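Thanks for coming, everyone. Let me put the structure up, and then I'll walk you through it.

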Amino acid sequence: MCFPGKRQKDTFAEPKPTPLADTKAQPIQPEQPVSPSILPPLSPISQVAQPNMPAPRVAIVIYSLYGHITKMAEAVKTGISGAGGNASIYQIQETLSDDILKLVKAPPRPDYPVLLPDDLVNFDAFLFGIPTRYGNFPVQWKVRILGCHRPSLEQGRSPGQDVRVFVSTGTQGGGQEITIANTLSTFVHHGLIYVPLGYKHSFPQLSNLTEIHGGSSWGAGTFAGTDGSRQPSPLEAEIAAIQGKTFWDTVSQYHGYAKSS
C-alpha cells in the first residue's frame, strides 16, 4: 500500500464537507403564455355532418387482366349502393400489346371509362382494385396512375383523399396482406389517407374457416388460382360488399356529409 508523500495530495483524506448553500425554496416563476400571433392558424373542423354538404365523390379504380378484380369491384360498388352512396368504376390504361394479351389468353377488357392521373384530383376517395405482382403493384398501376407525377402535389394542393384497397392473388399467402402494405409508401407520397377494412364489421366473414377465402383486415381479396380459373366466391363478394359499405360510411362522416331524409 502506498502512502502520499509530503508534496502529494493526500487522496485518502476524508473529504471536507461542502458548505450548504441557501436551501430556501425559490418561488416558481409562472410560465409565460405563448402568444397566439406565433401559432399557425387552424382550419375549423366540423364535427357534425350537415345535410347540405355534397356527397363525397368516390371512384373505384381497377386493373383486371382476367376479370377477378372486376367482379370484386362490382361487389364493392353494391356495398356502397346499399349504404345509400354512389361510386363509379374506372379502369386504368393497359400497357400490354394486343399480341401479348392474346398470347396470355386475356378476356376482353371491361367496358369502364379509363381514369388518367390528372383525373385523381376530381374525387374525394378511392377504392383501388389491385392484382398482386410479387406482393406489389402490377406495372400498369405504377406506369399509368400511381407512378405518375401529379402537378397538384407540386403546387401544394395535395387533396388528402381517403383510399381503401382490395386485391386478387394466385394462392393463399401470395400477397393478400403484403400487397396492400406495400402500397402505403406510395400513398404517403400522394397524400392519400389509407383506411383499413378492419374486423369490426367483417370478423365473422374473415374468420370463417369452413372454406378457403381471400381477404384480411387490410382489405377484401380473392384467390384466382395459379391458372386464373378460380372466380370470386360468394363469401369473398360479401366481404367486398362490406368493404364498400363501411368505406362509404367512413368517408361520408369524414367529409361531413349526411344524407337528407
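How many cavities of 30 Å³ or more does a search of the whole structure find? The search gives 2. Here is what the word means: on a 1 Å grid over the protein atoms alone, a cavity is a set of points where a 1.4 Å probe fits but cannot get out. A pocket, by contrast, is an open set with protein on both sides within 12 Å along at least five of seven lines. Lining residues have an atom within 4 Å of a point. Grid points are joined across faces, edges and corners, and a volume is the space filled by probe spheres set on the points.

Before the details, two words on the source. This is a predicted model: local features need pLDDT of at least 70, side-chain atom pairs count only at pLDDT 80 or more, and totals for chains, interfaces and linings use all residues. Residues are numbered from 1 along each chain as its sequence is written, and side-chain values use heavy atoms, with hydrogens and water left out.

Now the largest cavity. Its volume is about 40 Å³. The lining is S64, L65, E94, L101, A106, P107 and R109. By class, that is 4 nonpolar, 1 polar and 2 charged residues. The classes go like this: Ala, Val, Leu, Ile, Met, Phe, Trp, Tyr, Cys and Pro are nonpolar, Asp, Glu, Lys and Arg are charged, and the others, Gly among them, are polar.

The second largest cavity holds about 30 Å³. I62, Y63, S64, Q91, I92, R109 and P110 line it.

On to open space. The largest pocket has a volume of about 410 Å³. It is lined by 21 residues, and T132, R133, T169, G170 and A224 are the closest to its centre. By class, the lining has 7 nonpolar, 12 polar and 2 charged residues. Helix α1, residues 68–82, and strand β4, residues 162–169, each supply at least two of the lining residues.

Next, the overall fold. Helices (H or I, at least four residues) and strands (E, at least two) are DSSP runs, numbered from the N terminus. The chain has 8 helices and 6 strands. Along the sequence, they run β-α-β-α-β-α-α-β-α-α-β-α-β-α. Contact means heavy atoms within 4.5 Å. Of the chain's contacts with a separation of 6 or more, 74% are between residues 24 or more positions apart.

How much is buried? Of the 261 residues, 40%. Buried means under 20% relative accessible area, exposed over 50%, and partly exposed in between, with a 1.4 Å probe and protein chains only.

M72 is in helix α1. It counts as buried because its relative accessibility is 0%. Leaving out residues up to four places away in sequence, M72 touches F166, A220, G221, T222, P232, E236 and A240. M72 and G221 are 149 residues apart along the chain, with C-alpha atoms separated by 7.8 Å.

K245 is in helix α8, residues 234–254. At 39% relative accessibility, K245 is partly exposed. K245 and G79 sit 166 residues apart in sequence, yet 4.5 Å apart in space, C-alpha to C-alpha.

Now some backbone. Most residues other than glycine have a negative phi. K105 has a positive phi of about 60°, and it is not a glycine. K105 is in the loop between α2 (98–103) and β3 (125–131). It counts as exposed, at 72% relative accessibility. Y134 is another non-glycine with a positive phi, about 55°. Y134 lies in the loop between β3 and α3 (139–144). Its relative accessible area is 87%, so Y134 is exposed.

Last, the rings. Rings of Phe, Tyr and Trp (its six-membered ring) pair if their centres lie within 6.5 Å. The count is 8 aromatic pairs. Which residues form one aromatic cluster? They are Y90, F123, F126, F128, F137, W141 and F187.

Notes:
Phe/Tyr/Trp six-rings, centres within 6.5 Å; stacked < 30°, edge-to-face > 60°.
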